[in-house]
Amino acid sequence: MNLPEPERIAGRYAHELSGGMAQRVAIAMALGGEPELLIADEPTTALDATVQAEVLDLLGRLQREHGMAILLISHAWKVIARMCRRTYVMYAGHIVESAAATDMFERPLHPYTAGLLASTPSRATPREPLPTIPGTVPAPSAWPHGCHFAPRCELATTDCEAAPIPLLEPTADRYTRCLRHTELSTLTNGGDRDRTTSGRP
Ligand code: SF4
C-alpha cells in the first residue's frame, strides 16, 4: 500500500491517520481476502487532488497485479474517465444507460447522463452559468409508473409516463432506458454540447 512503517501504523487509532493513509488501510483490509472483485464506493471522496491521484494509481496497480475486477462507484466523471472501461449510469433505482466509457462521454444516450456531463465544470462555457438538472431525485415511494426521470426531463411525453421503460439497445453494446434518445441534441441543458466534446469530461 506504499505506507511508511506499516507496523507502526497498524498500532494507531483511525483518528491518528490522514485521509489518504486511512483509505490505504481500508483498501488493504479489503484485499486481505484476495477478492476477484473489489467494490470501491467513492474511494477518493474528501481526498485532495494529489492524494486522490495516488489512491487511484494504487488501485490501478493492484488491479493489474492481482488480476481482479474493480466495480467503482463515483459521482466524479474525471475519476470514471481515468479508471473505467465500462460505465453504468443509475437513476432512481434503474440503470438508465450503459456503454463503453469513451462512447458515453462522446455521445450520451439518456437525458440524465447528458445533464450530468453538461454540469461538469470542465465542460462549462466561460461566463455562462453551469447547466443543472432541474428538480430532485424522487423518494422510492414516489417513483413514477413510467420513466423515473420523466418529471425532470425536457423531452418527456405522455408515452414516457404510460409504462415502465425497458432497457433498449439502439446500437451494438449501447443501452439506454430512454424512448427519445435520438432527440438528445434538442436538449437545452447539454445535449448539443456533449456531442461536440472530445470524449472526456
Ligand atoms: S423516456 Fe421520456 S421522460 Fe424518460 S428520459 Fe427518455 S424522453 Fe425523458
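Which residues does Glu97 touch, not counting residues up to four places away in sequence? In this predicted model, the residues in contact with Glu97 are Thr87, Tyr88, Val89, Met104, Arg107, Pro108, Leu109, His110, Thr113, Arg174, Tyr175 and Thr176. Glu97 itself is part of strand β4, which spans residues 94–100. The relative accessible area of Glu97 is 0%, and the residue is therefore classed as buried, the cut-off being under 20%. Among the residues touched by Glu97 is Arg174, and the side chains of Glu97 and Arg174 are joined by a polar contact of 2.7 Å.

At the level of the whole chain, the domain assignment gives domain 1 (1–73) and domain 2 (85–201). A distance of 31 Å separates the C-alpha centres of domain 1 and domain 2. The largest pocket lies between the two domains, because domain 1 and domain 2 both give residues to its lining.

The volume of the largest pocket is about 1,000 Å³. Its lining comprises 34 residues, and those nearest the centre of the pocket are Leu72, Ile73, Ile80, Cys84 and Arg86. By residue class, the lining of the largest pocket consists of 22 nonpolar, seven polar and five charged residues. Several secondary-structure elements each supply at least two residues of this lining: the helices α3 (49–66), α4 (77–83) and α6 (111–118), together with the strands β2 (69–73) and β3 (86–91).

Methods. Residues are numbered from 1 along each chain as its sequence is written. This is a predicted model: local features need pLDDT of at least 70, side-chain atom pairs count only at pLDDT 80 or more; totals for chains, interfaces and linings use all residues. Side-chain values use heavy atoms; hydrogens and water are left out. Helices (H or I, at least four residues) and strands (E, at least two) are DSSP runs, numbered from the N terminus. Buried means under 20% relative accessible area, exposed over 50%, partly exposed in between (1.4 Å probe, protein chains only). A polar contact is a pair of N or O atoms within 3.5 Å; within protein, one must be able to donate a hydrogen and the other to accept it, and residues adjacent in sequence count only if both atoms are side-chain atoms. Contact means heavy atoms within 4.5 Å. On a 1 Å grid over the protein atoms alone, a cavity is a set of points where a 1.4 Å probe fits but cannot get out, and a pocket is an open set with protein on both sides within 12 Å along at least five of seven lines; lining residues have an atom within 4 Å of a point. Grid points are joined across faces, edges and corners, and a volume is the space filled by probe spheres set on the points. Ala, Val, Leu, Ile, Met, Phe, Trp, Tyr, Cys and Pro count as nonpolar, Asp, Glu, Lys and Arg as charged, and the others, Gly among them, as polar. Domain bounds come from an automatic or database domain assignment.
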